[in-house]
Amino acid sequence: MRTLGPGSVSSLLKIGLDVAYGLLWIILGVLLLAFVAAILIPLDNLVAEVGEPGAGNQIPLERPLLLFAVGSFCAYFGAFALIVGRLRAIFRTLTLGDPFHPENVGRMRQIGLILASVTGGVWLWQTWAARLSPGAMEPQGLGELLTPAFSVLVVFVLAEVFREGARLRREAELTI
């Protein structure tokens, strides 16, 4: 089976990305509705249990905490919707048989920046949550950032590969 062009593996992956993109936006819509509901519903004597059921820490569920949690999930899924949107655009060029389209460089860089932001945000959120509820969660160490940071660097390297491919393609077009 071919890897590029119509009817190829890349076109099948693009269909999968299209489905994932739609699902991410549905999830984001539900989360935004939950955010609005968290603003409007009364929160009297509600508690959240963090940790093992029955043995976790009881935290009073106050509106700012609930809004922060739901807002964080909105940001998380929104960031991944942006990433999948950029991937869809890249796979569109792969399906057309044009992998080294000049715009793919910027798309890869955007994916890298979004991934870096998500990685840093999740690390900060988990560190904050561990301090909010000691014993229920372990604070994140810098070691937990190793794999995600490596992934972000790989995306930036791939962006440079795409940049070089686009440059070589431009040179080849000029020599013909």
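This is a tour of one predicted model, stop by stop, for use with a viewer.

Residues are numbered from 1 along each chain as its sequence is written, and side-chain values use heavy atoms, with hydrogens and water left out. Because the model is predicted, local features need pLDDT of at least 70 and side-chain atom pairs count only at pLDDT 80 or more, while totals for chains, interfaces and linings use all residues.

**Stop 1**

Select residues 9-40 for helix 1, 63-95 for helix 2, 103-132 for helix 3 and 146-175 for helix 4. Helices here are DSSP runs (H or I, at least four residues), numbered from the N terminus. Now select Ile 83, Ile 90, Met 108, Ile 111, Ile 114, Leu 115 and Val 155, the residues with the most contacts inside the largest nonpolar core, which has 19 residues. A nonpolar core is a set of buried Ala, Val, Leu, Ile, Met, Phe, Trp, Tyr and Cys residues joined through side-chain atoms within 4.5 Å. Buried means under 20% relative accessible area, exposed over 50%, and partly exposed in between (1.4 Å probe, protein chains only).

Not counting residues up to four places away in sequence, Ile 114 touches Ala 79, Leu 82 and Ile 83; contact means heavy atoms within 4.5 Å. Then move to a second, separate core of 10 residues, which includes Leu 28, Leu 31, Ala 38 and Ile 59.

**Stop 2: helix 2 against helix 3**

Show helix 2 and helix 3 together. Their axes come within 10 Å and cross at roughly 160°. That crossing makes helix 2 roughly antiparallel to helix 3. Axes are lines fitted to C-alpha atoms, for helices over the stretch in contact, and angles run from 0 to 180 degrees between N-to-C directions; angles over 145 degrees count as roughly antiparallel, under 35 as roughly parallel, 65 to 115 as roughly perpendicular and the rest as oblique. The residues of this contact divide into 19 nonpolar, four polar and two charged. In this count Ala, Val, Leu, Ile, Met, Phe, Trp, Tyr, Cys and Pro are nonpolar, Asp, Glu, Lys and Arg are charged, and the others, Gly among them, are polar.

**Stop 3: helix 3 against helix 4**

On the helix 3 side, select residues including Val 105, Met 108 and Leu 115; on the helix 4 side, residues including Val 152, Val 155 and Phe 156. The contact divides into 13 nonpolar, three polar and three charged residues.

**Stop 4: single residues**

Select Thr 95, in helix 2. Thr 95 is buried, with a relative accessible area of 17%. Leaving aside neighbours within four places in sequence, Thr 95 is in contact with Gly 5, Pro 6, Ser 10, Ser 11 and Lys 14.

Go on to Ser 10, which lies in helix 1 and is buried at 3% relative accessible area.

Next, select Leu 168 in helix 4. Leu 168 is partly exposed, at 43%. Phe 100 is 68 residues from Leu 168 in sequence and 9.0 Å away in space, C-alpha to C-alpha.

Finish at Arg 131 in helix 3, which counts as exposed at 68% relative accessibility. Arg 131 and Arg 170 are 39 residues apart in sequence and 53 Å apart in space, C-alpha to C-alpha.

Note on methods. Helix = DSSP H or I, 4+ residues; strand = E, 2+ residues; numbered from the N terminus.
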